[in-house]
Amino acid sequence: MDRKRIALVAHDSMKGDIIEWALYNKGTLTKHDLYSTGTTGFLLERELGVPVFKFKSGPLGGDQQLGARIADGLIDILIFFWDPLNVQPHDPDVRALLRISVVYNIPTACDRSTADYLISSPLLKETYKPIRKFSPEEYQQSRNLKFLEQIKSYEDKEEQV
């Protein structure tokens with residue numbers, strides 16, 4: 001069986017739900033490496049009785065730390081029980097985390113039903129490399145080249161003046 005690196009995150013109002021879900025799926029989750037933002041990770045570690053790698057709390061930069069891990073290919077699955085009915089003070093960070101999970105095409109669940117589908121997928125037991133039709137690296141390289149062209153164009157105009 002291939003160990004996955006699973007990130008578990010929850011807004012404050014959803015922490016009870018993710019704990020309940022994780023306890024229900026403890027047998028499966030404990031076969032994988034678990035990552036989480038601060039408080040959620042602390043609660044999961046205590047309730048599951050297994051180590052959880054903890055980033056900072058979401059509002060203190062944990063969402064960005066997790067997003068960086070996704071961008072570096074170090075997280076395989078994101079399960080994020082977010083609260084869509086309450087405004088979060090760090091909402092831009094949450095949107096950025098969800099955006100980066102889509103950019104890098106990692107399986108992402110934002111609710112219990114989708115998390116149930118992910119955790120019960122036969123692909124969880126196999127090596128799985130997400131297929132990306134969009135390459136973030138190639139995109140960045142093309143942006144860099146366009147930026148260099150703009151700078152050169154600007155420098156050429158400055159020399160003419």
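## Helix packing and annotated sites

Ile-131 is exposed, with 66% relative accessible area (buried means under 20%, exposed over 50%, partly exposed in between, using a 1.4 Å probe and protein chains only). This is a predicted model, in which local features need pLDDT of at least 70, side-chain atom pairs count only at pLDDT 80 or more, and totals for chains, interfaces and linings use all residues. The points below cover helix pairs, annotated residues and a few loop positions.

**H1 with H6**

- Helix H1 (residues 15–24) and helix H6 (residues 112–119) have axes that come within 12 Å and cross at roughly 25°. Helices (H or I, at least four residues) and strands (E, at least two) are DSSP runs numbered from the N terminus; axes are lines fitted to C-alpha atoms, for helices over the stretch in contact, and angles run from 0 to 180 degrees between N-to-C directions.
- H1 and H6 are therefore roughly parallel to each other (under 35 degrees counts as roughly parallel, over 145 as roughly antiparallel, 65 to 115 as roughly perpendicular, and the rest as oblique).
- The crossing of H1 and H6 is right-handed, meaning that the near helix is turned clockwise from the far one by less than a right angle, with anticlockwise being left-handed.
- On the H1 side, Asp-17, Glu-20, Trp-21 and Tyr-24 meet Arg-112, Ala-115, Asp-116 and Ile-119 of H6 (contact means heavy atoms within 4.5 Å).
- Sorted by class, this contact of H1 with H6 has 4 nonpolar, no polar and 4 charged residues (Ala, Val, Leu, Ile, Met, Phe, Trp, Tyr, Cys and Pro count as nonpolar, Asp, Glu, Lys and Arg as charged, and the others, Gly among them, as polar).

**H1 with H3**

- H1 also packs with H3, at an angle of about 35° and with the axes 10 Å apart.
- The crossing of H1 and H3 is right-handed.
- H1 contributes Lys-15, Ile-18, Ile-19, Ala-22 and Leu-23 to this contact, and H3 contributes Thr-39, Thr-40, Leu-43, Leu-44, Glu-47 and Leu-48.
- Here the residues divide into 7 nonpolar, 2 polar and 2 charged.

**H4 with H5**

- H4 and H5 have axes that come within 9 Å and cross at roughly 10°.
- That makes H4 roughly parallel to H5.
- Asp-63, Gln-64, Leu-66, Gly-67, Ile-70 and Ala-71 of H4 make the contact with Asp-93, Val-94, Leu-97, Ile-100 and Ser-101 of H5.
- The contact of H4 with H5 holds 6 nonpolar, 3 polar and 2 charged residues.

**Annotated residues**

- UniProt marks Asp-63 as "active site" in an unreviewed entry; its positions are given in the numbering used here, feature names are shortened, and annotations may be inferred rather than shown by experiment.
- Asp-63 sits in helix H4 and, at 2% relative accessibility, counts as buried.
- The UniProt feature "binding site", also from an unreviewed entry, takes in His-11, Lys-15, Thr-37, Gly-38, Thr-39, Thr-40, Ser-57, Gly-58 and His-90.
- Ser-57 is found in the loop between strand E3 (53–54) and helix H4 (62–71), where Ser-57 is partly exposed at 24% relative accessible area.
- Apart from its neighbours within four places in sequence, Ser-57 is in contact with Gly-38 and Gly-62.

**Loop positions and spans**

- Most residues other than glycine have a negative phi. Asn-105, although not a glycine, has a positive phi of about 55°.
- Asn-105 lies in the loop between helix H5 (91–103) and strand E5 (108–109) and is partly exposed, with a relative accessible area of 36%.
- Ile-131 belongs to the loop between H6 and H7.
- Gly-49 has its place in the loop between helix H3 (38–48) and E3, and at 62% relative accessibility Gly-49 counts as exposed.
- From Gly-49 to Arg-112 is 63 residues in sequence and 21 Å in space, C-alpha to C-alpha.
- Tyr-154 lies in helix H7 (residues 136–160) and is exposed, with 53% relative accessible area. Between Tyr-154 and Asp-12 there are 142 residues of sequence separation and 49 Å of space, C-alpha to C-alpha.

Note on methods. Residues numbered from 1 in each chain as written. Heavy atoms only, no water.
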